[in-house]
Amino acid sequence: MTDVARADVCAFAVADCFRDDGEILANPIGNLPVLGGRLARELYEPRLVMTDGEAYLIGDTPPLGEAPEVIAGWNPYRRMFDVVWNGRRHVMMGAGQIDRYGNQNIAAIGGDPDRPDRQLLGFRGAPGNTINNPTSYWIPGHSTRVFVERVDLVCGIGYDRAAELGEAARFHELRRVVTNLAVLDFETPDHRMRLRSVHPGVTVDDVVAATGFELAIGDDVPQTRVPTAEELAVLERLDPKGLRHREVKGR
Amino acid sequence: MSEADVVSRLTDGMTVGIGGWGSRRKPMSVVREICRSPLRDLTVVSYGGPDVGMLCAAGKVREVVFAFVSLDTIPLEPYFRRARESGAVAARQMDEGMMLLGLQAAAWRVPFLPTRVGLGSDLPRIDPGLRTVTSPYPGPGGTHEELVAVPALHLDAAIVHVNQADEHGNGQLLGPDPYFDDLFLEAAGRRFVSCERIVPTAGLTASGPVQSIRVTSLMVDGVVEAPGGAHPTSCVPDYPRDEAFQRDYAASAKDPDGWARFRKEWIDGLDERAYQERVQR
């Protein structure tokens, strides 16, 4: 039905994660999430606070890869914890592995933490993010390697882990998981991951085949929305070099 | 003092904190000198970049205390990966914010700081020494929360690199991000600062606002003048990261003898001046 690129659909699926967030720090990490965050700020959440990916809060909304012309504030790495622990932030991280309750691993693959099969980044800020502020995930390669029955190391905590903690986890909230195939959420009675929508050209079966655990799937899974012509014009302005297409290919 | 003077004040088995962040403003001239030295069995505490990778590759490290190790534009540090995947170095993994709290506790000389960070994650499972405390105060829901007690992260020594300093150790950061350098110094027993240039004290406020003097002489035992000393990491605004050098460094890890070649070309037999001259060529 459409000749909109998959990367464009993904960018707006990310943007829609930040709808209704109001005045918080939207902190998407990675090229396509940053693009989605800036789209949200430009199109429907003007009060979103964002960084340049470094130490500055941006006063304008520059294209991907460009420095802001207007600097609105100072938010060096150390200040980020003040924001995280205060809860006024919605982060979108990546994941090496994720399970049905949203437990996420970016530290290492393999059963032996002293000698991993593959050393990844490390825990980074995932434990602190997920216990303190709303968190979403961006996964550009939806596969059974990433969507697993059980993650090797829990860095970002999922709903089952949070439930065991009681009141101490009262700020835990996983919003959505956006992938190159679909949008998922945890809006089920026991917070199991649910298929929220499939991107144009993707079937429910495609998503099921690429997922290593059983998803909650409603009777009628809608299609992820396609951006309007006006929205696409803003997208083009924010990513004139098409960096998004390097991360997500095809239509 | 010189890089060699710093290394002469380190001993085997020490816990050494290294400032900077990822592949940014790392005290690499001192790291290179450690690689040349007979030092061994170090515990390295770092928001890690090539400092961690090189020290691991050079066989200087027993344990790394880290939340991440990255070259920024190259997400994974190849020599660190190799050291971890071969089991050559032990690891104490942390959340980035836990490391901040551990350093802050050491700096304040309290045994721990409480936090929610780490609850529910696998950090307590893989770090059996990590303890929790029960809040003496009821939460808004009426329960007494069980919080993580991040232990003080005492450093035997800390090394950071700044843009400029005076001879007393008042250090100035002219880039936008101070990272955690002052905390590393405050958490350490022996404190060393390398800098792009040593200036008269009056030159500090002439170069930037007083808030940019993040490091005071109270935190510093020795100053090394090391122009280009953060290479190949960035030291903005003095210079950006040397991306080409970093790419070659990372690519060398693909060969079994890659580290031997790298250290022959860039570490062994060179002093810092000779290194900088070779970089300029």
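Across the interface of chain A and chain B, 24 residue pairs are in polar contact, counting pairs where both residues have pLDDT 80 or more. Keep in mind that this is a predicted model. On the chain A side, the elements that give two or more residues are α3, β8 (118-119), α4 (126-132) and α5 (159-165), and α4(A) gives the most, with 5 residues.

**The A/B interface**
- Chain A puts 39 residues into the contact, and chain B puts in 47 residues.
- Together the two chains bury about 3,700 Å², with 54% of that on carbon and sulfur atoms.
- In chain A, the residues that lose the most area to chain B are Tyr77(A), Arg78(A) and Gln119(A), which together make up 21% of what that side buries.
- Between chain A and chain B, the count is 5 salt bridges.
- One salt bridge joins the side chains of Arg24(B) and Glu54(A), at 2.6 Å from N to O.
- Sort the chain A residues that touch chain B by type and you get 23 nonpolar, 5 polar and 11 charged.

**A look at Arg88(A)**
- You'll find Arg88(A) in the loop between α3 (77-86) and β4 (89-93) of chain A.
- Arg88(A) has a relative accessible area of 46%, so it counts as partly exposed.
- Leaving out residues up to four places away in sequence, Arg88(A) touches Glu23(A), Ile24(A), Leu25(A) and Val83(A).
- Asn132(A) is 44 residues from Arg88(A) along the chain, and their C-alpha atoms are separated by 9.0 Å.

Technical notes:
Residues numbered from 1 in each chain as written. Chains lettered and ligands numbered in written order. Predicted model: local features only at pLDDT ≥ 70, side-chain atom pairs only at ≥ 80, totals over all residues. Heavy atoms only, no water. Helix = DSSP H or I, 4+ residues; strand = E, 2+ residues; numbered from the N terminus. Buried < 20%, exposed > 50% of the residue type's maximum accessible area, 1.4 Å probe, protein only. Contact = heavy atoms within 4.5 Å. Buried area = accessible area lost by both parts, 1.4 Å probe. Salt bridge = Lys/Arg side-chain N within 4 Å of Asp/Glu carboxyl O. Polar contact = N/O pair within 3.5 Å; in protein donor to acceptor, adjacent residues only side chain to side chain. Nonpolar A, V, L, I, M, F, W, Y, C, P; charged D, E, K, R; others polar.
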